[in-house]
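Look over the sequence and the structure first.

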Amino acid sequence: MSTTESRQTMTDTTKTADDQAVKETLEDYTLRFAPRSYRRWTPMVVGTTALGGIAYMADFSIGAGIGLTHGTGNALVAITVAAVVIFITGFPLAYYGARYNIDLDLITRGSGFGYYGSVLTSIIFASFTFIFFALEGAIMAQGLKLGLGLPLWLGYALSTLMVIPLVVYGMKALSTLQVWTTPIWLLLMVGPLVYLIANDPGTVDRFLAYPGTNGDGAFNTASVLLGAGVCLSLIAQIGEQIDYLRFMPPKTEANKRSWWTAVVMAGPGWVVLGALKQAIGVFLAVYTIAEVGPAAAPEPIQQFRGAFDAMMPSWLVIPLAVVLVVISQIKINVTNAYSGSLAWTNSFTRVTKRYPGRMVFVLVNLAFALALMEADMFSFLSSILGFYSNCAIAWVVTVATDIGINKYVLKLSPLQPEFRRGMLHAVNPVGVVAFVAASGLSIAMYFHLLGDTLQPYSPVAAAIIAFVVTPLMAVITKGRYYLRRNDDGIAEPLLDTDGNPSAFTLDCHVCHQPYERPDLAACVTHDAVVCSLCLSTDKVGDHVLPATG
């Protein structure tokens, strides 16, 4: 076969992959910029949908585990410390996702990691989704065992399989599900707490005085940091929030108040509700521990069974507790499955330049989650989350620092996010070095490799190292590794007069579909433009623009 024929065969194969990718990704613009023509929801609908994704019960377990081990006082301080860190780091990420309508992986590419460098963080995020899917599935299985007598293994399987039909249809189906179920979930979650406090104020005193099993209840720095490390495993939740926030409408003078409210509330603001749930988890665990014992007290189904038992007829207690757990599990695990599939697909498509279909990775993500559930991950939850938090903190703090410091203070990182192949270097040492240094050293600390004294400080080390090394690397490299070229070959401006991504539309000459300006770049071999996904699946580089000095 001649070189020309070989090249043509590879091009035809690429076109087939592009056609398959286009058919599926146009459902909700997976792996690419979300165009203005698709973003028809109001800011409040997007915000409510994003908040619906944090209905998980894991917060109750996390808070209970910390409180029962270290005491209420240390637990509340740990929860607060983690919430502050999560809010501060989540704000710039949420703003970029909502303002420029891209997910966290696309943000990460242009914020210090490079086109292929962000594959590292995509895998970190995908791991987050299946770890927490497994945790929520285990909680649901506990509920089904208590309410219906199902064995745990069967509950694990049911909790996994039932979300598949809901994940197939992307944002349109998820927004409807989250909006309609949120009021029921809020009522079932808040009602018991209000009733217990109103009818037995002594529960508050017992809650505040609980000393924990590892101390006398006095303030202890190591206990606070260990607890905060577990809570900080949730820092990657901002990625799932951005998977919704990328569908925000353009910010204008007319809607800027509701736009900012939705972004702050559903972006970094998710942690306010998350921290409250963790504190409630401590409260309910202390309330129920005398009845069910310390081993079962962290289980949300037992916590709410005890709370419901105090306020309603016994025949209604277990069914209502099971309903709450099932609703919560469905609300969060459709998000976990959806976001995880995006992360896996994004990484696979970039590395192999082939698009296998998002549903393949929905099943991959669910398989990982089911394996964790069957391995009884719930019994060693704190260890898994404590280890994972080091990687998650290193990633999120690195990207947040690149946006907040390198872009706006040092002016070494391009202000506008870039994610298209050809425009970015393959690897940017700024983010990659900062992430590897922060996660590597903090993990070494977590496993006592640097001594027992430093072990509780591993999450603090991850945050500080990432915060310091990210701007340091930008200064050392003088920002040379952010952009491979400054011009994408299209004369039309990337942003409109309000600073929003332009709605100007051109047809991709590979897949022949119309795309808005930010999703396109000029083709190096044709007088035409190519969309970002067709660039990603271009195996021979026919369309990728060359580097410029």
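Arginine 350 counts as buried, at 1% relative accessibility (buried means under 20% relative accessible area, exposed over 50%, partly exposed in between, with a 1.4 Å probe and protein chains only). The model is predicted: local features need pLDDT of at least 70, side-chain atom pairs count only at pLDDT 80 or more, and totals for chains, interfaces and linings use all residues. Residues are numbered from 1 along each chain as its sequence is written, and side-chain values use heavy atoms, leaving out hydrogens and water.

**Aspartate 105 and its partners**
- Aspartate 105 forms a salt bridge with arginine 350, with the closest N and O atoms 2.9 Å apart (a salt bridge is a side-chain nitrogen of Lys or Arg within 4 Å of a carboxyl oxygen of Asp or Glu).
- Aspartate 105 lies in helix H5 and arginine 350 in helix H16 (residues 314–352), so the pair ties together parts 245 residues apart in sequence (helices are DSSP runs of H or I, at least four residues, and strands are runs of E, at least two, numbered from the N terminus).
- Aspartate 105 also meets arginine 109 in a salt bridge, at 3.3 Å from N to O.
- Aspartate 105 and arginine 109 both sit in helix H5 (residues 104–113), 4 residues apart, about one turn of the helix.
- Aspartate 105 is buried at 9% relative accessibility, and arginine 109 is buried at 4%.

**Aspartate 59 and lysine 277**
- These two form a salt bridge, aspartate 59 with lysine 277, with the closest N and O atoms 3.3 Å apart.
- The pair links distant parts of the chain: helix H3 (residues 58–70) holds aspartate 59, helix H14 (residues 270–292) holds lysine 277, and they are 218 residues apart.
- Aspartate 59 is buried, at 0% relative accessible area; lysine 277 is buried, at 0%.

**Count and network**
- The count comes to 11 salt bridges.
- A network of salt bridges links Glu418, Arg420, Asp488 and Arg517.
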